[in-house]
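Subject: Structure for you to look at

Hello,

Here is the structure I said I would pass on. My notes on it follow below.

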Amino acid sequence: MKKILNAIERYPFIIVLVIILLFFTPYALFSPGESRRRAIVLAIGLDRVDDEYEISFLTFIPKPNQEFEQSNSVVSGKGSSVSEAVLDAQLTLGKDIGLSHAKTTVVNEKMLEEDVSSSLDYLSRVISLPENTVFVCTNTSAKELLMATDSLEKNLGLKLDQLISYNANEVYITDTSLEAFYKGYYSPHKSSLIGFIEHVKEESSGGGSGQGSSDSGAQNAGGQSGGQSGGEQAGSSNAGSSGGGSAVASSSGGGSSGGDEASQNEGEKQRGSLEGQSQILNKADAVVLREGKKVAKLDVDNLNSINLLSEKRSLDSITVENVKCECGKTVDMTFLLKNKQVAIQTDFQNGIPIFIANVSIGVQLTEIDTKGQEIKQNAQSTKISDEIASAIEKKIRSEFARMLKILRDSKADVINVYDEFYRGNRKNFEKFLSSLNDKEDYLNNITFMLNMKIRQDG
Amino acid sequence: MKTISARQTGIIVFLTILANKILVLPSILYKSSDADSIFVMLTLFLIEFLILLVFLKLKKNYPNQTFLNILQEKLGKIIAKTIIFVFLVFFLFKTMLTYSVLFVYLKDLVYQDEFGFLALICLIPVINHAAAIGLRSMSRTFEMFYYLVVVGIVFCLAIAFFTDITMPMLFVAPVSSMFSSAWKCLFAFGDYLVLFIFIDRITIKKGEAKKVMLFALVGIIFVLAIFTIFYSKYQLTSFMHNNALADLLVFSVQFNAIGRLDIVAMLTIMTLGLFQLEIFHTAFCDCFVMVFSKLSIKYAIVVFDILFAVIYLVLIAKYEVMIDLASNILPYLAILTSYLLPILFYALSFKHKSEVKDEKDS
Amino acid sequence: MQKKVQKQIEKLKKSFHSTNDFSSRIFISKKGTIGFVFLKSMIDAELFSQAIYLPIQQWQGQIDISSLINKILKNNGVEEVAESEIEKNILDGKVILFSDFFEGYISVDITKYPTRTPSEPPTSPVIQGPREGFVEDFKTNMTLLRRRLHTKDLVFSTLIVGEKSQTKVVVSYIDGVADKRVIREVKKKIENIKIDGVVDSYYILSYLEKRPNSLFKQIGNSEKPDIVAAKMLEGKVAIIVDNSPIVLTVPFILMEDMQSSNDYYTNHHYASLVRFIRMCGLLIAIVAPGFYLALQLFHYNILPLNFLITIADTTQGLPFTPFLEILFIFLLFQILYEVSLRLPSYLGLATSIVGALILGDTGVKAGLISPPGVIITALSKIALYTVPEQQSQITVLQVLFIILGGSLGILGIVSGFIYVVNYLNTLDDYHTPYMAPYAPRIKDDLQDGLIKRPIGANKNMPRSFPNGKGRER
C-alpha cells in the first residue's frame, strides 16, 4: 500500500491518466461522431402558420459515398414557440439539431408584420448559431424557399448565402445578418435593413405530361403528396414533416420513377419545365424594418441611391435617356459608376440640421442605344459633355430623392444619419431632437444636400 | 535559487494583464457604461501601472529577500502573515474567477454541453503540476508560448478589421455609471500582485526594469485594443456577446466563404487561461507556504484542490455566480489588496531607503 | 626447464577454462624455451608468424627481455607487462611472451578482429557532406574524431565498464572548451556504473540520464563523426563505447534533434525552411490523430462545412466508432512498421505494398475505415520521420494524445501539451535547459535555432549549455 502511495506521489499524472481511462475513455470509445449524433443544419426557415411557429431546417444528410455529393433535406417542426418547434423538428429527425454551420436564416415576409425580434429571440440565444448568419426574408413560406434553395444548389451550384453575400458586398449598405438586424434594432433609430429574396412559383407552361401536372398539383396541395411522388431529396423527410410545399420534389423531377422509356423522356422534358416552376430570384431587393416590423421595401435602384453615401459598394450603372452624344444625335447612354469618393458632413443652420454629402463619382460609358440611328460611334473616345454630366446628375438626384422619400415616410434611418449627427454635432442634434414632437421623425426635418461631381473615369 | 529573468517576469506580467479581461468583461461593462468603459479600463490600468512601479522600487531596494521577510522585518511576524493570508484569499478567488470565465467560454463555444468534471480533470492536474515544478520551469513554458499567444490575439484583432467597423460612440455614459463599471471590474485588476509574492525569485538586472514595463505596456495596449475593436464591431449589441476575443473572429457575411476560424481563438484562449490559472495557483501555493511555513508546497496544492472543489462544487455550483460575485462582493477585497496594501508597500520601500541612508551616514 | 613454460601455459589455459580459442606455442632456442600465449580469435595469425615467431627464430644474437623488446620484435605495441596484467592483455588480443631464461612478460599487440570500414550510416544519410560513419571499433572511432580535430586539446580518457565485458568507454572532449563540471560529472557517473556487461552505448546512456524513468531523450547520440566533432567544438562531451557505432554526447537539448547535418551543408535559407517544416512535422506527428478525433467527437462545430461533409459522408455506415477507428488504423500502421523493420529488405517492400495498397485502399473500399482517418493517421506516422531521432517518444506521445483528444477533446490536448512542455522545462540536466534556446530564450543561440543563419554569423560559442565560458543557466 505504501509503495502504491509513494508511486502516486512520485508520478501523479498516473492517477490522472487512470481517471481519464476509467471515466472518460470508455464512453468516448463507443460514442459515435458528432456528425452522426447531430443533424447539421445549413439554413433555417421560420414561418408562422395558424398561430404556431413552424421552423424548417435545411439539413445535410450524410450518405456513404465517395463522390462527396451533398445531399440535403428539409425538415420542419411546429410549436407554440420557436423552441418547441425546434424540439418537434428534433423528434422528427431523431437527432439533435446542430446550428453551428447554419449560414442562412429565412423568415416569411408575413412575420415582419409584427415585431420579428420576438420570433428571433430563440435564435439569438442559441450561442452555437454564428452571428454572421445571413438573415433574409422571402415572399413565400420560408420552408418553400429552403426547398427551392436545394434545387438552386443542384442546378447552379450556388448556395443561398453566396447569393446574399454577393448582394451584401455589392448592393446592401450593411450586412444582412442576424447581428446587423439586432444592431439596427437596438440603435436609437431602431431601423435595420434585411435582404429580400423573391421566390417565384410559376404554373407549368404547357407541354407538361400527365405526371407533370400531377406533380405541380402536389406542389399546390402540400408536402404529403409531394413526398409520395418520388422526390429524390426531400421525399422521406418531407413525409415525416407536416409542412406544406414540395418545391424540391417538383424541381428535382420525379419523372425518373416512370418505368418505360417514353415516360422517362417525358420526365426529362418535364424536368426542364418544372425547374422553372419554383425558382429563387435574386433582385437584390431589401426590406426596411423599424422596431422589427417591415415599413418599406427597397428595390435595387433605391439601394443604389443609398450606396451613393458609401464608398465601398460600387455595383451600379445609370442610363440617361435622350442625351446628345458627341456626334450630335440624341441617344440613350448607360454609364457605370466607379471610384466613388464620399465625404459626409453635418451642419446646423438656424437650428436646422443639414446633412451634406459630397460625392465625386467617376462614370464610364458602357453602352449607347442609338435608337436605330446611324452613328459612327467610337465608345472609347466619347467624352462626357457637360450636358451628359448634368443629365447623369439629375437622374441620380431624382433617384436619391425617391429613396429619401421612402425612408422619410417610413421614419427609417438606415443611412446612419443619426450617427453622423451624433458624432459631428452632438449637442445641437440633441437640442434639435428635443424640439421635435415626434423624436423618431427626424429624417423629415433634416435638410439633405447632395453635392455631386461627375468625372470621366476610364 | 532558481530565479527568472526580467524577460520572463515581463511575460508573466503580460499574461496576467490579459487575465479575466478579454472574454466576459467587455460585455459586462458595456451594459453599465457603454463604450466609455474603455476610459474606465484606461484609468484602472494607469493605477495598475503604478503598482508595477511600486514593485520595481521594492525589488530594487530588497533585491534578494522573500516577500515574507520584507514584511516581517518592517511590520512584525503577525501582521506580515496576516497580509500574506489576505493575498492567499485574493489569489484563491482570482484563480476561481479565471477558471469561471474560461469555463463559461468552453461550455458555450467549445463543448456546447455541461462538462464540469471534464474541465476539472483537464485543468487542475496541469496547474497542480505547474505549481509543483516551480516558477522557473513554468515561466520558461510561458516564454515558449509567448509569441504564439501574441500571434493568436493579433490574428483575432486583425480579422475583425476585415469587416465594416466604425468607432463606437464615446462620452455617452454618465459619470456615475462609469464608477459602477469601475467597481464591477475592480477584481479583474490587481494582477501585478503576483510579482510581490515571487519577488525573491525574480532577477532584474540594472536597466532591465524597462523591459518589464514594456511587456506591461504591450499587455495594456492589447486589452484596450480588444475592447475598442470589440465595441467598434458590435457597438449596440456588445452586451449580447460574452466572449469578446472569440467573437471578434465571427466576421461579416462578406467573409462567410472562408469557413470557421474559431480554432485560433479557441487555442489562444485555452492557452492563455491555463497560463493564468498556473500563475495564480502558484501564487496561492507560495502564499500558503509563507503563512504555514512548516508545510511544504505539496500541502498547499492539496489544500488548494480541496478548497477549490468545496467552494466551487458545493457552495457556488453555478459558474455564472462566480462572475456575479466577482463584480459585486469581491471588489471589496480588491480594494484592500490592489490599492491599500500597495500603498503600504510603497511606504515600506521608502522606509528602507532612509534606513540605508542612515547606515551609510553612520 | 621446458616444464616451467609448459606449466605457466597450463595455468593460463586453466584460468581461461580451456576455451577453444586459447592457443599457445613453444619455441625452443639454444638458450631455452619461449612460450607464446594468445587468443587465436583475437590476433592476426599471419602477423604472429611474420612479426613474432620468425624474427625470434632467425635471431642469431643474445635473447633476453630487452633485446626482444628493442631489437627482435619490430611491432609497435611491444611492452613489458606485470604478471597480474597477463590475462587482461590476452583478452585484449595481445600475444604474451615468457620464457624460462628471463624473468618478466612481454605483450605484443597484433590484435585483429573483424571490423567494419567506416561507411555512411543508414540512419543519417546526407545529400551533400561527409559520408563517414562511426563503426563498432572504438579505436577507429577515435581516429575518425582525431582526424577532424587536429588539436592537442582533444582528450580521450578511457574507462572500463562492465564486470564481465570489461568494455572500454572513452570520454572525449576538447580541453578548455568543454565544461569541467560536465566532464567530472560524466566521468563520475561512468565510474559508478555497476553492470555485468555493456554491449552497446545504450547501456551507458541510461546511467548518464538524470531521470532514467523519463520518456524523453536526455542524451544526444550520433553515428556521424562530423556531427560529434561539431558538438565537441561547441563544448559537449562525447562518450565512445567500444562495440557500438553510436557515440553519445552530453549535454543534450531538444533543438539538436531539429538540426540535421544536411542543414550545415546547404543554403541556410533552405535549412531554415526545412527546420520549420520539421517543427510542423513534429507537431503534426504528435497531435494530428488526437486532434482529428477531438474534432469528430466533440467539436464538429469548428470544422469547415465542406470538411465536415466529407467526414460525415465517409464515416457514415462504418462499423467502428471514430475512436476505435483511429486506434485500429494506428495499430495497423504500427504493426506494418514493426514488420517492415524486422523483415529482410526484399520482403519489407512487399509488406509496404500489402500495407499501403491492400490494407489501406481495400479497407476504405470495404467500408471498414474512412479515408480521412487513414490520411490523418498516415500523415502523422510519416510526419514522425521528419525528426527520426525522436521516433520512439513521439509514438508514445501519439497514443497519449489520441487518448486525451478522444476522451477530453481539444482542451485535453491543449492541457496535455502544456503539461508536457512544463515537464520538459523542468529538465535541467548537466546545467543545460532542455528547451534552450527558446526557453529560456538565449538570443545568441537563436541563429542556429529554427531559423538558421550562415555559419559565419555564429561568432560566439553557444550559450545554451555550459562550455569553456562557464555559462550557467
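Which residues does Ser5(B) touch, not counting residues up to four places away in sequence? The model is a predicted one, and in it Ser5(B) touches Thr203(B) and Pro440(C). Ser5(B) sits in the segment before helix H1 (6-18) of chain B. Buried or exposed, and why? Ser5(B) counts as buried because it has 21 C-beta neighbours inside 10 Å, where 20 or more are needed. Ile202(B) is 197 residues away from Ser5(B) along the chain, yet their C-alpha atoms are separated by 6.3 Å.

Contacts between chains

Between chain C and chain B, 25 residues of chain C are in contact with 30 residues of chain B. On the side of chain C that touches chain B, helix H17 (residues 410-426) of chain C gives the most, with 11 residues. By class, that side of chain C has 16 nonpolar, eight polar and one charged residues.

The contact of chain A with chain C takes 24 residues from chain A and 24 residues from chain C. Three elements of chain A each supply at least two residues of the side that touches chain C: helix H2 (12-29), helix H3 (34-37) and strand S1 (38-49). The largest share of that side, five residues, comes from H2(A). Sorted by class, the side of chain A that touches chain C has 11 nonpolar, 10 polar and three charged residues.

Chain A overall

Chain A has 458 residues, and buried residues make up 44% of them. Its secondary structure comes to 17 helices and 13 strands. Of the contacts in chain A with a separation of 6 or more, 69% are between residues 24 or more positions apart.

Nonpolar cores

In soluble globular proteins, nonpolar side chains tend to be buried together. The largest nonpolar core here has 276 residues. Val41(A), Val194(B), Leu245(B), Phe284(B) and Cys287(B) are those with the most contacts inside this core. Helix H5 (residues 77-111) of chain B gives the most to the core, with 20 residues.

A sheet in chain C

Chain C has an open sheet of five strands, in the order S6-S7-S9-S10-S8, with antiparallel pairing. Strand S6 (154-161) and strand S8 (220-222) of chain C stand at the edges; each has a single partner strand, so one side of each is left without a neighbour in the sheet. From one strand to the next, the twist averages 25°. Inside the sheet, strand S9 (residues 237-241) of chain C and strand S10 (residues 247-250) of chain C pair in the antiparallel sense over three bridges. Val237(C) has Val250(C), in S10(C), as its bridge partner.

Two helices of chain C go with this sheet. Helix H5 (residues 138-148) of chain C lies across S6, strand S7 (167-174), S9 and S10 of chain C, and runs at about 10° to S7(C). Helix H6 (residues 180-191) of chain C also packs on the sheet, where it touches S6, S7, S9 and S10 of chain C. The direction of helix H6 of chain C makes about 175° with that of S7(C).

Regards

Note on methods:
Residues numbered from 1 in each chain as written. Chains lettered and ligands numbered in written order. Predicted model: local features only at pLDDT ≥ 70, side-chain atom pairs only at ≥ 80, totals over all residues. Contact = placed C-beta atoms within 7 Å. Helix = DSSP H or I, 4+ residues; strand = E, 2+ residues; numbered from the N terminus. Nonpolar A, V, L, I, M, F, W, Y, C, P; charged D, E, K, R; others polar. Core = buried A, V, L, I, M, F, W, Y, C linked by C-beta atoms within 7 Å. Buried ≥ 20, exposed ≤ 12 C-beta atoms within 10 Å, placed from the backbone. Pairing = 2+ DSSP bridges. Axes fitted to C-alpha atoms, helices over the stretch in contact; angles between N-to-C directions.
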